[in-house]
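Look over the sequence and the fold, then read on.

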Amino acid sequence: MPRKIAIGEQDFGKIVEKNCFYVDKTSFIKEWWENEDTVTLLTRPRRFGKTLMMNTLYYFFSVDHAGRGDLFQRLAVWKEEKFRKIQGTYPVVFLSFADVKADCYLSAREGMIQELTDVYNQFAFIMQSNRLTQQDREAFAKVNEDMSDMTAARALKRLSSLLYKYYGKKAIILLDEYDTPMQEAYVNGYWGQLTEFMRSLLNSTFKSNLYLERGIMTGITRVSKESVFSDLNHLTVVTTTSRMYETCFGFTEEEVAAALEEFSMQDQLADVKRWYDGFLFGRSDNIYNPWSITNFLKFGELTAYWTNTSSNRLVGSLIQKGSAELKTVMEDLLHGNIFHTVLDEQVVFGQLDDNESAVWSLLLASGYLKTADYKLNQKGKKEYALKIVNFEVFRMFEDLIASWFSSCCAAYNDFIKAVLANDVKTMNAYMNQITVSIISHFDSGKKPSDKTEPERFFHGLVLGLMAELGDKYMISSNRESGFGRYDVLFEPRSNMDDGIIFEFKVFDAEEEAGLADTVRKAIEQVIDKKYAAVLESKGVSKSKIRIYGFAFQGKNVQIDGGYIQELERKRSSRD
């Protein structure tokens, strides 16, 4: 009989005691301890077992769980006597910033202060010891909800010294999800305020702490050294491209196969692989998302299990408001192509609005993209080959993109129906509703001109069309065909459907009498430059190719078009 799956359970002790489904990753404890690194920053995408691992470390090392070797006796770490001897022998300070999700700095600070206060409350019993002085007790009492920034910054360092007096051993400090407040700070606009607080706290805790035995921080991103780690020169950073601990987070293919066999689902391995495989850590490929696997084992449904978190919101916003070039790259990635770029794995939040390589760094760290390969270019910089990880991530991107149009969902869906039905009148009505409500959502805040605003909009529109019509069409933009580059092209997946070409133009008052002239020029450009050539080369009959010209004047749009043969006849009659 298969073990029960406790979705969301992060308490290692309860999982083992209740014999719930668990994949043994305790080899990490041995590897980490033997590496002798004083402070380790470990980044992995969300839902990859970081919190459970930190809780496991707490159970293994903490004096609070002395004598609980029974929890580990069947696991990898228990095989060597030297590790059996150190179980339960260290004071361990374990805290998490996972729940510090605030829309302003004061609320974020309050959340972190509460975490520090809660940790102190866990060790209140040491105040009764005669090993501590009255001065120690007074310092302990200062850590409360009303403490100053300086007291908060030094709180974990002070606690380490007090624990050393009480236990006679240096402390292990585990800080889970250190970067959650930072992502929230960026999204909500208080990044500068938060970094000062975080820098002081992290440097005091992990740099100048004489009573620290070992420390681990986990998170999704490697925040730039300049932002919060300016003094932590001894920090060992382990990112998704590092060889260290490469199979300790996420499930290997062998572990997934064993799990499917336990639950009598081994015949679904191929489908599971398509949906959830593909993560690459270090040189270990075929790593599976453990959150998705455990949910699939429990519910038996192939679907996207990654929920809409702040990480998704941040990524969605960056793509939505990014340049036309960024959206074109996303289009390529959604077609399954590889994107080559130079990037730094450090995420510099202050550069996300202006430096698109920082956006790709965030997408890589967050697990949405993986490195198919990387090499040193002529300048000695790492050039990465990036691609979407798997089908689940592809579906997640579809959902993110679809959410851009949710404020005008009915009009957007009706516009798509009108396109498929060749209903130009209805296309005009609904596209004008869409542009009024959506163009502002693609605004990066840099006051785009009337010429660049439609360009940003239509590249966003292309991604939206891909998300909605991907099952019927291969949709692409700004690709070569004939004697130029078309704006948007719909290549039908079935010979029963029409091929479609969109061409966008901005009204030019000096050359055109009105939007009708602009539309006509757009249509003539498609005909004259033979943009339909790529569709014809794919076997789409000319009688089944449609052209639509879109003329923009601010947020006003006019559309006209139809089948190319009819439009060519009209063009010839005018000539």
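## A salt bridge within one helix

K85 and E81 join their side chains in a salt bridge, with 3.6 Å from N to O. A salt bridge here is a side-chain nitrogen of Lys or Arg within 4 Å of a carboxyl oxygen of Asp or Glu. Both residues sit in helix α4; they are 4 residues apart, so about one helical turn separates them. An α-helix has 3.6 residues a turn, so residues three or four places apart point the same way.

K85 counts as exposed because its relative accessibility is 59%. E81 has 47%, so it counts as partly exposed. The cut-offs are these: buried is under 20% relative accessible area, exposed is over 50%, and partly exposed lies in between (1.4 Å probe, protein chains only).

## About the model

This is a predicted model: local features need pLDDT of at least 70, side-chain atom pairs count only at pLDDT 80 or more, and totals for chains, interfaces and linings use all residues. Residues are numbered from 1 along each chain as its sequence is written, and side-chain values use heavy atoms, leaving out hydrogens and water.

## The whole chain

The chain holds 24 helices and 19 strands. These are DSSP runs numbered from the N terminus: helices are H or I with at least four residues, strands are E with at least two. Along the principal axes, the C-alpha atoms fill a box of roughly 100 × 55 × 50 Å. Of the 575 residues, 54% count as buried.

Contact means heavy atoms within 4.5 Å. Among contacts with a separation of 6 or more, 71% come from residues 24 or more positions apart. The accessible surface is about 25100 Å², and carbon and sulfur atoms hold 45% of that. Accessible areas follow the Shrake-Rupley method with a 1.4 Å probe; for residues, only the protein chains shown count as cover.

## Bridges across the chain

How many salt bridges are there by this rule? The count comes to 25. E17 pairs with R68, their closest N and O atoms being 3.0 Å apart. This pair links distant parts of the chain, 51 residues apart: E17 lies in helix α1 (residues 12–17), and R68 in the loop between α3 (50–61) and α4 (81–86). E17 is exposed because its relative accessible area is 51%. R68 has 24%, so it is partly exposed.

D497 and K472 form another salt bridge, with the closest N and O atoms 3.4 Å apart. They too link distant parts, 25 residues apart: D497 is in the loop between β16 (488–492) and β17 (499–506), K472 in the loop between α21 (452–469) and β13 (473–477). At 27% relative accessibility, K472 is partly exposed. Salt bridges that share partners also join K30, E34, E80 and K82 into one network.

## An enclosed helix and a buried strand residue

Why is helix α9 (residues 180–188) largely enclosed by the rest of the structure? Because 7 of its 9 residues are buried. They are T180, P181, M182, Q183, E184, A185 and Y186. G189 follows α9, with a positive phi near 85°.

T371 belongs to strand β11 (residues 369–376). Its relative accessibility is 7%, so T371 counts as buried. Setting aside neighbours within four places in sequence, T371 contacts T241, L280, L364, Y384, A385 and L386.
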